[in-house]
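The following questions and answers examine selected features of one structure. Please consult the sequence and the coordinates while reading.

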Number of protein chains: 2
Amino acid sequence: MGTRYCIGIDIGGTTVKMGLFTVEGRLVEKWEIPTRHEDAGGHILEDVAASLKKKLADEDYSWNDVAGVGLDVPGPVQPDGYVSVCVNLGWMDLYPAQELSKLLGGGINCYVGNDANVAALGEMWQGGGKGHKNLMLVTLGTGVGGGVVVDSKIVTGAHGAGGEFGHIHIREDDPDTCNCGGRGCLEQTASATGIVREAKNVLKASDDPSAMRQFGDALTAKDVCDCAKAGDSLALKAMNTCCRYLGWGLSIICMTTDPEVIVIGGGVSKTGQWLCDLIQSYMNPLTPLLADTQKAKVVLAQLGNDAGIYGSARLVLGSELGN
Amino acid sequence: MGTRYCIGIDIGGTTVKMGLFTVEGRLVEKWEIPTRHEDAGGHILEDVAASLKKKLADEDYSWNDVAGVGLDVPGPVQPDGYVSVCVNLGWMDLYPAQELSKLLGGGINCYVGNDANVAALGEMWQGGGKGHKNLMLVTLGTGVGGGVVVDSKIVTGAHGAGGEFGHIHIREDDPDTCNCGGRGCLEQTASATGIVREAKNVLKASDDPSAMRQFGDALTAKDVCDCAKAGDSLALKAMNTCCRYLGWGLSIICMTTDPEVIVIGGGVSKTGQWLCDLIQSYMNPLTPLLADTQKAKVVLAQLGNDAGIYGSARLVLGSELGN
């Protein structure tokens, strides 16, 4: 038998990313196709199957060498792989892995997971969490998402809500309502949107000079982070607040699943190690039960937009592999 | 082959409880022996092995019919079964499962876990969580402990700190320091000790009459719960505060591992369904992402002091069984 491969498919609202990996985790090739929305997303998996078949034929790979295909979707996935609704794709009432397996001729093992959960698995395999079996990924983007991995396996949860860190209630005095209908959600404070909101509130409440003021209403989370890193005191004040709530929320999760590392991804993570250090400084004092060497290490994600294809491919390998 | 059995051992600081179960989960027989503390607890496992051998010989069971032996210890257990220190037993630097297996002659599979984690598994098998694979147990006693079960398997965590709910930081304005060195730990508010502290603070801050006043300094958590159930407004005020923080902490865990049920155990749980309803009423609004039918159900533990032997025996059966 020759080299064995696994395939990872990351289905997003705009494009479908695909990657061919060796089972050891080396990305051999990646490519993408547009996401077709017509007919309630009914052609997406057909397109995926066609693209996969063509790629393997063109490049002379044999399906016999493919251990399986994993895919992720941008919405809740039940533990048995059922997708009730996926708004971004138009899907309703679907078992995407079974469907794809059928479209590929029935002989290929297919697996499915939620995109944020799967990204956590990808970061475990070949990213910021490499070498660890217990970790969580927190993505700080427009919203806050993530995934929990325990013993090299995604914690899907009973209803697919595992790793929904964005909607943990953490800020008692938050006056605004979250998109989810709740109040005081972590996402309201620690997302890119939340950082901007916090910074604007800090600016409004103060007459002190700040480099942030030049951006006016167009202020972005990157601006706030850049100013804070450069020492701007109002930007620092805002980031301290955001990272305090984030560190607090993460500390609670540390006392629940006790991970080795916490991987920070999403656009805000481009701020770099400085951000990890700030989060860590708020998290550590809140886990006094863990010795210093036991405290989860806050690290940066490394796979960027490829986390989904890595993680989807890793789904194929199961939890027995270790990592 | 006849009936298959598994054996569960719950090693406590005062007694060692033992139970013989069918693999279907029926308790056939239970018995106990005192915990010998001399020589740094070095005779405890010898005593266990001797008692097991005698029991099986006396009752004419064959070791060939025993699928394995599980045991739990009152302290941290690393994922590989290593016990670095167990203060309550005097143990240091021990692999108790390997040790017991050796003492039994080497042919018996032995397993070990932390007592609170193992109790969660017991409640899953034959207690308040029966029929579910994803749950958490929270024990409200002198302290607050518990365990997380995901897909019928204990989440030990990377350093054995899985399910250490007592030390999640939840109460920002708590002026007192917790035993762990932290501040604002859930245990400080939701344990039996915490409930009494809260009630005494409420009594001190008010001149209103309360049935709790008759108990003076000897006030217990049971008194507070009884008075609250009977409608005493100051007792209710105290219990509302305790259950608000508890419900809040549990809501965060629901967004992390998304369990089907939350089993409440420990002395305080003798308050009954009224307590579950109160906790649920504070938890539900904080998990808006979950539909009403998806919200974890707060239920009472059912196995009492036998949870340890049930859970230890269940360790033998692994996670493949489902539940």
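Contact here means heavy atoms within 4.5 Å. The model under discussion is predicted.

Q: Which elements of chain B are included in what covers the buried residues of α3(B)?
A: In helix α3 of chain B, residues 96-103, the buried residues are B:P96, B:A97, B:L100 and B:S101. Seen down the axis of α3(B), these buried residues fall within an arc of 135 degrees, so they line one face of the helix. The cover over them includes, from chain B, α2 (44-58), β4 (66-73), β5 (83-86), β6 (91-94) and β7 (110-114).

Q: Which residues are exposed on the other side of α3(B)?
A: An α-helix has 3.6 residues a turn, so residues three or four places apart point the same way. The buried set of α3(B) comprises B:P96, B:A97, B:L100 and B:S101. On the other side of α3(B), the exposed residues are B:Q98 and B:K102.

Q: Is A:P74 buried or exposed?
A: A:P74 is placed in the loop between β4 (66-73) and β5 (83-86) of chain A. Leaving aside residues up to four places away in sequence, A:P74 touches A:I11, A:C86, A:N88, A:L89 and A:D115. Buried means under 20% relative accessible area. With a relative accessibility of 17%, A:P74 therefore counts as buried.

Q: How many residues apart in sequence are the parts tied together by the pair of A:W125 and A:Y310?
A: The whole structure contains 13 aromatic pairs over all chains. A:W125 and A:Y310 form an edge-to-face pair, at 6.4 Å centre to centre and with 75 degrees between the planes. Because A:W125 lies in helix α4 (residues 115-126) of chain A and A:Y310 in helix α10 (residues 307-315) of chain A, the pair ties together parts whose separation in sequence is 185 residues.

Q: At what distance from the ring centre does A:R244 lie over the face of A:Y245?
A: A:Y245 belongs to one aromatic cluster with A:W248, B:Y245 and B:W248. A:R244 lies over the face of A:Y245, and its distance from the ring centre is 4.9 Å.

Q: Which residues touch the most other members of the largest nonpolar core?
A: In soluble globular proteins, nonpolar side chains tend to be buried together. The contacts of A:V138, not counting residues up to four places away in sequence, include A:F165, A:L246, A:L250 and A:I262. Of the 102 residues in the largest nonpolar core, those that touch the most other members are A:V138 and B:V138.

Q: How many of the residues of strand β9 of chain B are buried?
A: Both faces of β9(B) are covered, with B:V144, B:G146, B:V148 and B:V150 buried on one side. Strand β9(B), residues 144-150, is largely enclosed by the rest of the structure, because the number of its residues that are buried is 7 of the 7.

Q: What is the bridge partner of B:L137 in β9(B)?
A: Strand β8 (residues 135-140) of chain B pairs with β9(B) in the antiparallel sense over 6 bridges. These two strands, β8(B) and β9(B), form a hairpin with 3 residues between them. Within β9(B), the bridge partner of B:L137 is B:G147.

Q: Which residue takes a positive phi in the hairpin of β9(B) and β10(B)?
A: β9(B) pairs with strand β10 (residues 153-154) of chain B in the antiparallel sense over 2 bridges. In β10(B), B:I154 is the bridge partner of B:V149. The hairpin has 2 residues between the strands, and the residue that takes a positive phi, near 50 degrees, is B:D151.

Key: Residues are numbered from 1 along each chain as its sequence is written. Chains are lettered from A and ligands numbered from 1 in the order in which they are written. This is a predicted model: local features need pLDDT of at least 70, side-chain atom pairs count only at pLDDT 80 or more; totals for chains, interfaces and linings use all residues. Side-chain values use heavy atoms; hydrogens and water are left out. Buried means under 20% relative accessible area, exposed over 50%, partly exposed in between (1.4 Å probe, protein chains only). Helices (H or I, at least four residues) and strands (E, at least two) are DSSP runs, numbered from the N terminus. The arc is that of the directions from the helix axis to the C-beta atoms. Rings of Phe, Tyr and Trp (its six-membered ring) pair if their centres lie within 6.5 Å; planes under 30 degrees apart count as stacked, over 60 as edge-to-face and the rest as tilted. A charge sits over a ring if NZ of Lys or CZ of Arg is within 6 Å of the ring centre and within 35 degrees of the ring normal. A nonpolar core is a set of buried Ala, Val, Leu, Ile, Met, Phe, Trp, Tyr and Cys residues joined through side-chain atoms within 4.5 Å. Two strands pair if DSSP finds at least two bridges between them.
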